[in-house]
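Subject: Structure for your study

Dear colleague,

Please find a protein structure below, handed over for your study. The notes after it set out what was found.

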Amino acid sequence: MILLLVVSAVTFAIFFLLPRMVGQSADQLAQQYIGKSPTKADILAVKHNLGLDQPVYVQYWHFIKGIVVGASYDLGPTTAHCDAPCFGYSFKTHQAVWPELTSRIPVTLSLAAGAAVLWLVSGVAVGVISALKPRSLFDRAFMGVALAGVSLPMFFTGSLAILLFRYKIPIFGDTYVPFTENPAQWANTLFPAWCSLALLYSAIYARLTRSGMMETMNEDFIRTARAKGLREGKVVVRHGLRAALTPIITVFGMDLGLLLGGAVITEHVFSLHGVGAYAVQGITDNDLPLILGVTLLAAFFVVVANLLVDLLYAAADPRVRLS
């Protein structure tokens with residue numbers, strides 16, 4: 001909670017305090033949300049409605065209070081009430097931020113969950129096989145693919161996947177369908193995005209798994225397990241891989257938390273209306289409540305992911321429980 005409060009304060013200061021520190025007045029900030037040739041009365045009205053005529057610390061207090069107990073916003077001719085948790089109203093569309101975020105979270109969650117399963121399974125499997133057969137043809141080939149996956153940007157691999165699987169070989173849909181409506185169509189639409197995103201991340205996990213396994217398989221407890229007569233598969237999975245999972249769990253928690261906060265480029269390339277697309281909309285329109293809401297949501301997911309990672313350490317590595 002304290003970390004989220006710090007993130008909210010820093011983000012709020014970036015968008016509401018720094019402009020004033022570099023010389024931008026409240027009138028200039030309000031003028032961005034009016035249009036061409038505004039009158040002085042228009043500027044004063046918008047500045048009052050958006051609360052820009054108040055000190056920054058008062059604006060921040062109203063924002064935090066709105067998250068806890070809700071808030072009322074003067075939209076000019078009408079007054080709108082925003083129930084808790086209230087992340088503010090859009091300066092451009094006058095729509096509440098929180099309902100927009102909650103309606104877009106399932107899209108981003110679907111994208112992140114499917115891609116995470118693909119990159120975790122493929123990356124760890126390739127890393128284990130490469131570690132068991134170092135400098136073999138398989139190792140060199142897949143590490144080369146991993147290097148290409150890390151090097152190629154998402155807008156290239158995503159556009160290539162769209163070209164191949166939606167135009168050249170039209171076997172996947174291009175309109176997102178919620179999982180609750182049609183699970184098969186949901187997976188069919190998201191599969192190219194999953195593969196493109198998994199290619200980027202699985203390369204990192206393959207290299208991490210390979211280096212961790214090569215180090216772990218030379219430890220004394222691995223030789224002891226073999227000396228006891230355990231089957232090689234059991235030695236690799238229960239002793240070698242389990243001990244090498246700690247850095248993978250750490251990176252996976254961070255990656256998944258950031259993705260749940262919005263996979264910006266992937267959603268933009270595949271025209272998915274998720275949290276990342278909402279962030280792009282806020283940045284394009286200079287709509288500060290949208291950006292602030294997405295930032296806090298991303299920070300929440302990162303904090304939760306780190307907490308889960310700490311809990312998974314003990315399950316993955318017995319040495320953590322002993323310490």
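Helix α10, residues 232–260, bends by about 45 degrees at threonine 246, and a proline, proline 247, follows within four residues. The bend at a residue is the angle between axes fitted to the seven residues ending there and the seven starting there. Helices (H or I, at least four residues) and strands (E, at least two) are DSSP runs, numbered from the N terminus. After α10 comes glycine 262, with a positive phi near 130 degrees.

Please note that this is a predicted model, in which local features need pLDDT of at least 70 and side-chain atom pairs count only at pLDDT 80 or more, while totals for chains, interfaces and linings use all residues. Residues are numbered from 1 along each chain as its sequence is written, and side-chain values use heavy atoms, with hydrogens and water left out.

The protein as a whole

The protein has 14 helices and 2 strands. Its C-alpha atoms fill a box of roughly 85 × 55 × 40 Å, taken along the principal axes. Of its 323 residues, 41% count as buried; buried means under 20% relative accessible area, exposed over 50%, and partly exposed in between, with a 1.4 Å probe and protein chains only. Among contacts (heavy atoms within 4.5 Å) with a separation of 6 or more, 64% join residues 24 or more positions apart.

Helix α8 covers residues 183–216, which makes 34 residues, yet its end C-alpha atoms are only 40 Å apart, whereas a straight helix would reach 50 Å at 1.5 Å a residue. That expected span is 1.5 Å times one less than the number of residues.

Which residues does phenylalanine 172 touch, leaving aside its neighbours within four places in sequence? They are Phe165, Arg166, Asn188, Phe191 and Pro192. Phenylalanine 172 sits in the loop between α7 (154–168) and α8, and it counts as buried because its relative accessibility is 18%. Phenylalanine 172 and proline 192 are 20 residues apart in sequence, and their C-alpha atoms are 7.7 Å apart in space.

Positive phi values

Most residues other than glycine have a negative phi. Serine 271 is not a glycine, although its phi is positive, at about 55 degrees. Serine 271 lies in the loop between α11 (264–269) and α12 (275–284), and it counts as exposed because its relative accessibility is 54%. Asparagine 286 likewise has a positive phi, near 55 degrees. Asparagine 286 is placed in the loop between α12 and α13, and with 30% relative accessibility it counts as partly exposed.

Pockets and the cavity

These spaces are found on a 1 Å grid over the protein atoms alone: a cavity is a set of points where a 1.4 Å probe fits but cannot get out, a pocket is an open set with protein on both sides within 12 Å along at least five of seven lines, and lining residues have an atom within 4 Å of a point. Grid points are joined across faces, edges and corners, and a volume is the space filled by probe spheres set on the points.

The largest pocket holds about 670 Å³ of space. Its lining has 30 residues, of which Asn49, Leu50, Gly51, Tyr73 and Phe91 lie nearest its centre. Two or more lining residues come from each of α1, α3 (40–49), α4 (56–69), β1 (71–74) and α13 (288–316), and α4 gives the largest share, 5 residues. By class, this lining divides into 15 nonpolar, 13 polar and 2 charged residues. Here Ala, Val, Leu, Ile, Met, Phe, Trp, Tyr, Cys and Pro count as nonpolar, Asp, Glu, Lys and Arg as charged, and the others, Gly among them, as polar.

The second largest pocket has a volume of about 370 Å³. Residues that line it include Met1, Trp98 and Phe300, and α1, α4 and α13 each give two or more residues. The lining of the second largest pocket has 11 nonpolar residues, 1 polar and no charged ones.

There is 1 cavity of 30 Å³ or more. The largest cavity contains about 50 Å³ of space, and α1 (2–21) gives the most to its lining, with 3 residues.

Yours sincerely
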